[in-house]
Amino acid sequence: MNYLTHDKLVIVGAAGMIGSNMAQTAIMMGLTPNICLYDPYGPALEGVAEELRHCGFEGAEITFTTDVREAFTGAKYIVNSGGAARKAGMTREDLLKGNAGIAEEFGKNVRQYCPDVKHIVVVFNPADITGLIALLYSGIEPSRLTTLAALDSTRLRSELAKQFGIPQDSITDARTYGGHGEQMAVFASTCLVDGVALTDIIGTERFPDSAWQELRTRVVQGGKNIIDLRGRSSFQSPAYLSIEMIAAAMGGKPFRWPAGTYVNNDRYSHIMMATETSITKDGVACKPIKGTPAEMEELDKSYRHLCALRDEVIAMGVMPPISEWHKLNPHLDKHTC
């Protein structure tokens, strides 16, 4: 098999459903043969490694460890799904306290064992905040860390395709921005339905305003719906999309969806949020978000919600005040996006 790179890829949380799916997807996509599985829970971790070896992948060199130093040393790429999973009745924000501490430890481990890592994708929720915490404590440049946000946009595309009874590929530029959660900003103005602007369809007999509002609700509650249907949180879709992200960072095909990245500009500052991006070997770069005044106001509202979560973490003592962030990561104040 021809691989994109032979650099070390570490899957954090590899004993879990997302992590084990990420590892298999990475090998099947031909990212790298050099995959290290890391998880504190040894028996399940060994089970994942054994299953992957039983697949008989050509050229794959799968290792596993419960030792974070062994896992992270020499790591060039990391995808981290190692937080607590969302359960029935929980919001992503309910996970905040426990996963904030996990994100802090993760960032410190990156700083200690692999400060020259090329790219990190943070998956565990609330990803906007856990990614921000990890970025702060890792000390790396913001261009080297992204968070999974694409899942909301793919859910929008899926719902629109079902609504109109057409293939998903006939829906283009479905976009959500801001927070990865129920405060996301759902954009209609970017989207085409079989080549026709979605905004020209909303409010017609074919797609009344009430139907659009119901569809938006299904998108916003897409994760809850999976829990209701399967009895557990999503794992196949976040696994696949996060590996698509790290593949783009390795020099593979461009990532097709918005990604969560550190944003610091005149309108939004000191926050991690979903925006239009480009992920390449040089890292993640932002692109302008264009929307209607109402959509931009919705994005502003989502930003304010993320700021409240960030400030809650600061009040917990997990992160210092923003004015002191430069002491942990001097790259943040220099970054604009």
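The second largest pocket is lined by 20 residues, and Arg155, Ser158, Gly222, Asn225 and Ile226 lie nearest its centre. A pocket here is an open set of points on a 1 Å grid over the protein atoms alone where a 1.4 Å probe fits, with protein on both sides within 12 Å along at least five of seven lines; lining residues have an atom within 4 Å of a point. Helix 6 (150-164), helix 8 (209-220), helix 9 (222-230) and helix 10 (236-249) each give two or more residues to this lining; helices are DSSP runs (H or I, at least four residues), numbered from the N terminus.

This is a predicted model: local features need pLDDT of at least 70, side-chain atom pairs count only at pLDDT 80 or more, and totals for chains, interfaces and linings use all residues. Residues are numbered from 1 along each chain as its sequence is written, and side-chain values use heavy atoms, with hydrogens and water left out.

I turn now to the aromatic rings. The whole structure holds six aromatic pairs, meaning rings of Phe, Tyr and Trp (its six-membered ring) with centres within 6.5 Å; planes over 60 degrees apart count as edge-to-face. One of them, Phe72 with Phe106, is edge-to-face, at 5.8 Å centre to centre and 90 degrees between the planes. Because Phe72 lies in helix 3 (residues 68-72) and Phe106 in helix 4 (residues 96-113), the pair ties together parts that are 34 residues apart in sequence.

Key
Phe/Tyr/Trp six-rings, centres within 6.5 Å; stacked < 30°, edge-to-face > 60°.
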